[in-house]
Amino acid sequence: MNRSCSPICLAITLAIATAPAASAQPASLTVPADRALLIVRVPVADASVKIADYNSKQVGRDRFFHTPELTLGQTYSYPIETLWIDNGQGIRASRVATSKAGQSVTIDFTVAEVSEKITPKKAEEKKTAPKAKERAFLFTYAGKVKDLPPGKEASVWLPSAISGAEQKIKIATQSLPKGYKIGAEKQYGNTMIHFKGIANDAGEIPFEVVYEVRRQEVVTNVAANLTLKPLASDNLTRFLQPDKRVPIDGKPLDLLKDVKLSGDQFETAKILYDVVNTHMKYSKVGTGWGQGDSVWACDSKFGNCSDFHSLFISMARGNKIPSKFEMGFPIPTKRGEGVVGGYHCWAWFLPNNKGWVPVDISEANRFPELNDYYFGNLTEDRVRFTTGRDINLEPRQKGPTLNFFIYPYAEVDGQAYPAEKIERRFAYRDLP
């Protein structure tokens, strides 16, 4: 019995990093008994590959795909199409691959068969990313410093969302103590709100800032030169250096000792992305997670978004690829209004100094069907607040540098105030 795979069936559940065409199949790539492995070989590293209705975002000469679970003994067919540019001429070729559970099949487009030549204009249209999605919403950042003696003064810092290529920000309303100021630290250019508040009769200093956010999906298409270009203000030297919990040698790099990396930084980053995604599991069970400690992540093999992306940044910077850590908040995909539980973070890398490319590996781990998407793309369902690690505030706090800065920070009598005594509340409401 021969079955054509439906679009649902083609929600490919695993995308392994590419390798040069002449290299052997990665030793770690096995064929499960209940799945098939499709190996698609293309003439050029930036060729596009489409399997039925599934558009892959893998790059490289060899692409590796595991199918979803298959029925044993039955034969499945997979229509595959690829498009590449040869001397300004668009070339499109298609094949049909057939396979059974437990089998591996190679579809080699480097072997001559009948191909369709298309005009350069149509070829570029194929290679151009679809229009990015947009979302407009209000985001509330609120809370209070509590359990203070009435009349006691506290110095408080709040991270402040700022505009950039992917989002436009303005403060819609605010309820802050008089005399608050907005400043920027020098290392990353993060902005923050600072005020000195006096505790009320309940021993509390409340605060609230409501931002109007217009966020755009980030869509990367290297072949079409569609990336976020580095700014003159980007501290690229800093993005190659270690952080206190993000070394650029030792255990994070030891994970790569048996991995063959590409000479191209974009392809290398995809390999690092897959190594992190297969090494770790998204989980908040137990303790230790959430500190963004890449050595801990190596040993524990689980964690949250900060742990995933710290490990990736260690590997990227250790391979001379500038990379940076960003923090913000995830906005529920359901339109309307509601509560936002806590922060989310992701990373960017700068291959060959051409343009910033984002990764969201923890989301790819949680939602395997989006594995390809989250290498190079970010949904519009988020808002960015801060960049970087080991942060000094403005004005400078008296305590040590902050591991990262996304939640309110306060000091009383020159000492860091306990985080558990600072209440937080985050919410969103979509705009028309």
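## Glycine 288

A residue counts as partly exposed when its relative accessible area falls between the buried range, under 20%, and the exposed range, over 50%. In this predicted model, glycine 288 has a relative accessibility of 35% and is therefore classed as partly exposed.

Glycine 288 sits in the loop that runs between strand 18 (281-282) and helix 4 (294-300). Its C-alpha atom is 8.8 Å from that of serine 300, a residue 12 positions away along the chain.

## Serine 314

Serine 314 belongs to helix 5, which covers residues 305-318. Its relative accessibility is 0%, so serine 314 counts as buried.

A polar atom of the serine 314 side chain lies 2.6 Å from the backbone oxygen of proline 247. Leaving aside residues up to four places away in sequence, serine 314 is in contact with Val246, Pro247, Ile248, Pro252, Leu253 and Ser294.

## Nonpolar cores

The largest nonpolar core contains 67 residues. Within this core, the residues with the most contacts are Phe139, Tyr211, Phe312, Phe329 and Val383.

## Confidence

Mean pLDDT for the chain is 88, and 87% of the residues reach at least 70. Over residues 1-28, pLDDT stays under 50. For this stretch the model has 73 contacts beyond four places in sequence.

How values were computed: Residues numbered from 1 in each chain as written. Predicted model: local features only at pLDDT ≥ 70, side-chain atom pairs only at ≥ 80, totals over all residues. Heavy atoms only, no water. Core = buried A, V, L, I, M, F, W, Y, C linked by side-chain atoms within 4.5 Å. Buried < 20%, exposed > 50% of the residue type's maximum accessible area, 1.4 Å probe, protein only. pLDDT = per-residue confidence, 0-100. Contact = heavy atoms within 4.5 Å. Helix = DSSP H or I, 4+ residues; strand = E, 2+ residues; numbered from the N terminus. Polar contact = N/O pair within 3.5 Å; in protein donor to acceptor, adjacent residues only side chain to side chain.
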